[in-house]
Amino acid sequence: MTSTPAPNPDSSALVADAKARGAFTYVLDGSGLTDKAATLDAIAALLRFPSHFGRNLDALYDCLTDLSWLPAGEHVLVWVGADGLKQADPRTYLAVHGTLSDAQRALAAGGDRASSRRFTVLLADS
């Protein structure tokens with residue numbers, strides 16, 4: 001997972017940088033996300049997961065490493081306000097963070113699910 005170096009980076013700059021390199025960008029507003037179900041639902045809605053999404057971490061990983069319903073190319077998730085979940089439920093934050101990171105590695109060049117789609121996560125603390 002890619003983290004930004006500044007404690008409060010400007011998410012619009014992260015989005016602009018991603019768009020400048022031709023990536024599809026999605027901004028996840030985590031300010032109200034304080035549990036696993038809400039976080040998974042928000043990610044699923046933002047990335048337009050198929051209706052068969054199982055609403056668990058394994059299903060999150062499977063969908064993120066597929067993305068066949070989205071166009072080929074890089075898909076960048078900018079997670080703004082991840083600290084809300086981190087403070088409310090640290091274990092869930094670590095589990096979701098780990099799943100996002102694993103999916104990013106799997107779709108990277110040389111990853112075990114490398115394809116015409118890549119997935120990148122940027123954390124932007126609020």
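This report walks through the strands, salt bridges and nonpolar cores of a predicted model.

## The central strand

Let's start with β3, which spans residues 73-80. Seven of its eight residues are buried, so the rest of the structure largely encloses this strand.

Strand β3 has two pairing partners to look at here. With β2 (residues 24-29), β3 pairs in the parallel sense over six bridges, and Y26 is found opposite L77 of β3. With β4 (residues 117-124), the pairing is again parallel, over eight bridges. Here V78 has L122 of β4 as its bridge partner.

## Salt bridges around E74

Five salt bridges turn up in a search of the whole structure. One of them joins the side chains of E74 and R21, with an N to O distance of 2.9 Å. E74 sits in strand β3 while R21 belongs to the loop between α1 (11-20) and β2, so this pair links distant parts of the chain, 53 residues apart.

E74 also forms a salt bridge with R118, and their closest N and O atoms are 3.0 Å apart. This second pair again links distant parts of the chain: E74 is in β3 and R118 in β4, 44 residues apart. Through shared partners, R21, E74 and R118 are joined into one network.

How accessible are these residues? E74 has a relative accessible area of 8%, so it counts as buried, the cut-off being under 20%. R21, at 46% relative accessibility, is partly exposed, and R118 is partly exposed too, at 41%.

## A link from helix α3

Another salt bridge is the one between D62 and R113, where the closest N and O atoms are 3.8 Å apart. D62 lies in helix α3 (residues 57-64) and R113 in the loop between α5 (90-107) and β4, so the pair ties together parts that are 51 residues apart in sequence.

Both residues of this pair have accessibility values to hand. D62 is partly exposed at 42% relative accessibility, and R113 is partly exposed with a relative accessible area of 34%.

## The nonpolar cores

In soluble globular proteins, nonpolar side chains tend to be buried together. In this model, the largest nonpolar core has 27 residues. Which members touch the most other members? They are I43, F49, F53, L64, W79, L100 and F119. Two or more residues of this core come from each of β2, α2 (36-46), α3, β3, α5 and β4. Helix α5 gives the largest share, five residues.

Leaving aside residues up to four places away in sequence, F119 touches L47, L64, L67, H75, L77, L100, A103, Q104 and L107. L77 is also the residue that stands opposite Y26, while L64 and L100 are, like F119, among the core members that touch the most others.

Technical notes. Residues numbered from 1 in each chain as written. Predicted model: local features only at pLDDT ≥ 70, side-chain atom pairs only at ≥ 80, totals over all residues. Heavy atoms only, no water. Buried < 20%, exposed > 50% of the residue type's maximum accessible area, 1.4 Å probe, protein only. Helix = DSSP H or I, 4+ residues; strand = E, 2+ residues; numbered from the N terminus. Pairing = 2+ DSSP bridges. Salt bridge = Lys/Arg side-chain N within 4 Å of Asp/Glu carboxyl O. Core = buried A, V, L, I, M, F, W, Y, C linked by side-chain atoms within 4.5 Å. Contact = heavy atoms within 4.5 Å.
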